[in-house]
Amino acid sequence: MELSEHIKTANVEDVTLRRPFHPALRGTLCVTSHHLLFSDRKDEASWQLLILLKNIDAIEKSVENLFGYPRAMGSSGTITIKCKDLLVLQLEIPGMEECLNIASSIEALSSLESVTEMYPFFYRPSHLTLNGPWGLSSTEQYYKQTERLWDRWRVSTVNSDYSVCPSYPSAVIVPREVDDDKLIRSARFRQGGRFPVLSYCHHRNGMVIMRSSQPLTGANKKRCKEDELLLQAVIDGSELGYIIDLRSAQQAQQARMTGGGFESKSFYSHWKRIHRHHERGKIVQESLIKLVEACSDPSHSVDRWLSKLENSKWLSHVHSALSTAGLVVECVERDGHSVLVHGSEGTDNTLLVSSLAQLILDPASRTVTGFLCLLEREWIQAGHPFQQRCAHSAYSHARLKQECPIFLLLLDCVWQVWRQFPLALEFSEALLLRLAQEVYASNYGTFLCNSEQERCAAGVKENTHCLFQSLLRPDIEEQYLNPLYEPTDLAIWPSVHPQSLQLWTGLFLRWTEYAQNMEEAREEVWSIVKEHHEQAGPDRTNNTLSTHCDTLTPFENLMDELTIL
Amino acid sequence: MEHIRTPKVEQVKLLDRFSNKSVIGTLHLTATHLIFVESNSTSAQEIWILHHHIASVEKLSLTTSGCPLLIQCRNFRLVHFVIPRERDCHDIYSSLLRLLRPVSYDELYAFSYNPKQNDQQREEGWQLIDLAAEFERMGVPCDQWQLTDVNREYKVCETYPRDLYVPITASKPIIVGSSKFRSKGRFPVLTYFYQEKKAAVCRCSQPLSGFSARCLEDEHMLQAISKSNHNSRYIYVMDTRPKLNALANRAAGKGYENEDNYSNIRFQFVGIENIHVMRGSLQKLLEVVGTRSLSMTDYLVGLENSGWLRHIKAIMDAAIFLAKAVTVEGASVLVHCSDGWDRTAQVCALGSLLMDPYYRTIKGFMVLIEKDWISFGHKFADRCDQLDPDPKEVSPIFTQFLECVWQLTEQFPQAFEFSEWFLIQIHEHVHSCQFGNFLGNSQRQREVLQLKERTYSLWAHLLSEKQNYLNPVYSPSFAESHPVLEPSTQACHFKFWRNMYHQYDRSMHPRQSILKQVLTFKESNRELEGTVQALKTKLQKFGVSTSPLKEDAPASTDGERTVEGSSATENGYGELTGSFGSKNEPAVVTLEFGVARMTC
């Protein structure tokens, strides 16, 4: 079926558009295969609103039909459109039939499942060409850049045809002394074939962060010699490594009943296991739904708001993600040990924790390019199933399948780090907001599909444009820079006291007047900084750096946690 | 001095409140301060605690490492010492108990504090804020409002100031009659005049109406207020108490206005709780946020159960109601609660702040506090526990006001000339008793104490370090385009004020500060601007004309470049970049962490 066949009414005149904190507008509404277009025809400088249909999360319609009047006069309908970027719009459409037609077109076209029918495959702006480089980084590049790895680590292409692990990229970094056969055996012992691979090597002490999925020990406490050897090779003679298991000890025990499990002390004697409970899947998705619902009802009393905020548990997830990431950093930076992170599948919380840890540890990942590279390596290439996780957002009435806003949670955590270290990140909140939008609906192919294998099969690289490449174009990148950026080499340990964490108003209250006031204040900051740079000249002093050193102290909580073990 | 038995104890351990960290140092006890000096010479942290700031001292039972001493301060600092020998601990404990309970005003720090200023400077400090000038700024006296001398000798109402403004039609007998019908004689007087609509904000205490009593003079008084505003046929009477409390007061012969007896009033309850509820609420809040290893769930549930933000919102709602009635409807409003010095002060001050951009500047905010809080007799001595404490009178009413202002600064980052550190510093000094401004309960008492002669004014002190309290993104043009602030009262905008309640818990704060950074930039911009000006004048002296290049010929940038390229200018930049760091850094660093250190 052609996409256009879904469109029964393509154009409606005299539609009224209502947006929060804006006067209502009248104009023409068009539905195309991928967009909803509203244009205000009155003004000469006409104003247009273009919404990707994929951005629409839920649509509610109500029709009023006044009996006894001719159709054209009496009937009209209202469509409420709730977008995945949390914007809510209302369209008053004259004519009941038109209204219903528009609504059903939107419903059908916003929930396309075939990747190649999605808009990135049709997006052809004049300033971009398809032949350009796609993506920013690769496993090989990371290996080449990281001199520390050359001695003891190698790039393995055992997964070049995606047969060992369908969700891994074709190349991974593993200990040099472990050959591909051992990797294949280790992969069989791990859920989804996600055997332990290197995620990050700390530039200061050469300690590494590994990630994997759970071992398939099962009820009989099976073991796998090759998996044990692989992990042994990771710590290479040093006496200790840490396994951060993102499930509670009890959950890990229970996982054995369904074939999963954990690394037992007796077989992995040099690894110390720490359990940290993290919610996943449906629970996190429901948190988002509850939080957005709480934010969108202005009539709540303070008590009700706080209880709804608490009930959503969203901030609790933020809290645990940051605490565990801090714990990983503590192990690597403070204790000087390598770490293996995993939960069950190793595609969600595992990536969340390992990438947050890198942001805290590694100054290179705090630049715009570095951060995008991190996302590319640790989320896109590492096989976070974006298509499944981001199929729907907070408003959808559809029955939940595999949706889970783990990536949004990551962005929220990064925002919290930025709040506490407003000078340490090269990018601003605007980049995080942009990513929060792009991950759900995009002109670009970057977040399509669930794994590299799927992207290859669909020809994403050949037929779509790369978001990260386009974000780095100098004129675009400027919008996302943090004017106050001052690089620091130190680890930036965020405080995880509940009092130090906040609701990300920039995202969750994005479409309110409040956001506008904040935006104006930000612009003022920009202009002060610009003036400063202009006046102080190119050789502006970085003497503030030294004063930061003593303030970048680790948060104290984690010490307690480590000693309890 | 005779109370200090052990002025110095060594090897004292200071425990961090939220972690297992501790430092060793020496504890000194002076007549005014408790001082802890860390032994480690590299960082050598010093903690100065003013005795007046100490709310309670607790000696816990002896442990193996020593005797723990827990000190809780009114500025929400909490320190936990462990003193090796029990005898020393007991000495410090009993000395502190005596020192933090001054028996007479003369013992307060303000009477011994000497910032090395001469009498003239001190007097100038006190003259900074002039309330007569403030009423003049509002346009009072005018054809409808006049200054009355009825309270010149504090005879009609001893908790009011001498100078009061009333409608011209309110004669002396009416005023006196009305004052007899109001709790503590606090009859309706003007506190803010909204010139644009000639609408007045008046304040008073509750009427002594009981179940049926009425007072013709009081009714005339309200009518006079109503008549002075031609824009509106009615006035609002806002009773800031919950209806139940007002009803209960009727049994005690007090109560609220009966709409049948007063012509053209619109009566409204707004439901702010009383001082006891507020005290309990803050206590609960502090208990929650003081818990170690607090989980997110316990934090949010605790925040909700404390009710603190609910109370903050109630005050804000009332102020918004007031501001709307005045600015939108053009109606005059009479605000009262029971005695008219707690909730009334909160609502009138906050309402005025919403209506008038002047109060959002540093100077204007001082004027506002001087007017609605100090002169109209908010009982600072009782509420802040300055002397002869009655625990039932203590209540964080003024703290709530400061917090409401902070919530507004969060919603309108460009609307205020000052940053939150200004609010926090004021809070600090309301309790420090270092300056005379907040001592005592009323103007009359302050005159008896001769504060202006014997103590210094906080406002002069704050203005002298104004740089530290500036909001770098303040925009006067925002004030012009938003003369009246219309804050959102959506619950999610009410946030926990971490920098106030955890000011001294360093591990809790952002490790880098936007405010600090932008302030530094702005300051250096200003300095550079100054240098450029200075150099220009110098150049002019040497006969080089710069102004035509700058002003008349903006197109000829080449010309400008030549001027900048001249060696004098370059040298200037060189000098500046060299000195800028060393000059600014210390000042800015003290902003956050040293903000509360007393100058002694």
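The points cover confidence, a sheet and its helix, an annotated domain, and one leucine.

1. This is a predicted model, and its overall scores are ipTM 0.88 and pTM 0.88. For chain B the mean pLDDT is 85, with 90% of the residues at 70 or more.

2. The highest mean, 97, belongs to helix α10 of chain B (residues 343-355), and the lowest, 28, to helix α23 of chain B (residues 567-593). Across residues 546-600 of chain B, pLDDT remains under 50.

3. Chain B contains an open sheet of 5 strands with mixed pairing, in the order β10-β11-β14-β12-β13. The average twist from one strand to the next is 20°. Why does one side of β10 and of β13 of chain B lack a neighbour in the sheet? Strands β10 (189-194) and β13 (265-269) of chain B are at the edges and each has a single partner strand, so one side of each has no neighbour there.

4. At one end of this order, β12 of chain B (residues 235-239) pairs with β13(B) in the parallel sense, over 5 bridges. Within this region, B:D239 has B:F269 in β13(B) as its bridge partner.

5. Helix α9 of chain B (residues 308-327) lies across β10, β11 (199-204), β12, β13 and β14 (332-336) of chain B. Relative to β12(B), helix α9 of chain B runs at about 175°.

6. For chain A, an unreviewed UniProt entry carries the annotation "domain: Myotubularin phosphatase" over residues 133-508. In the model, residues 133-508 of chain A are 43% helix and 9% strand.

7. Is B:L282 buried or exposed? B:L282 has a relative accessibility of 10%, and because buried means under 20%, B:L282 counts as buried. The residue sits in helix α7 of chain B (residues 275-289).

8. Which residues does B:L282 touch, leaving aside those up to four places away in sequence? They are B:F76, B:W308, B:P396 and B:Y501. One of these, B:W308, falls within the range of helix α9 of chain B (residues 308-327). B:L282 and B:G307 are separated by 25 residues in sequence, with their C-alpha atoms 8.5 Å apart in space.

Conventions: Residues are numbered from 1 along each chain as its sequence is written. Chains are lettered from A and ligands numbered from 1 in the order in which they are written. This is a predicted model: local features need pLDDT of at least 70, side-chain atom pairs count only at pLDDT 80 or more; totals for chains, interfaces and linings use all residues. Side-chain values use heavy atoms; hydrogens and water are left out. pLDDT is the predictor's confidence in each residue, from 0 to 100. Helices (H or I, at least four residues) and strands (E, at least two) are DSSP runs, numbered from the N terminus. Contact means heavy atoms within 4.5 Å. Two strands pair if DSSP finds at least two bridges between them. Axes are lines fitted to C-alpha atoms, for helices over the stretch in contact, and angles run from 0 to 180 degrees between N-to-C directions. UniProt positions are given in the numbering used here, feature names are shortened, and annotations may be inferred rather than shown by experiment. Buried means under 20% relative accessible area, exposed over 50%, partly exposed in between (1.4 Å probe, protein chains only).
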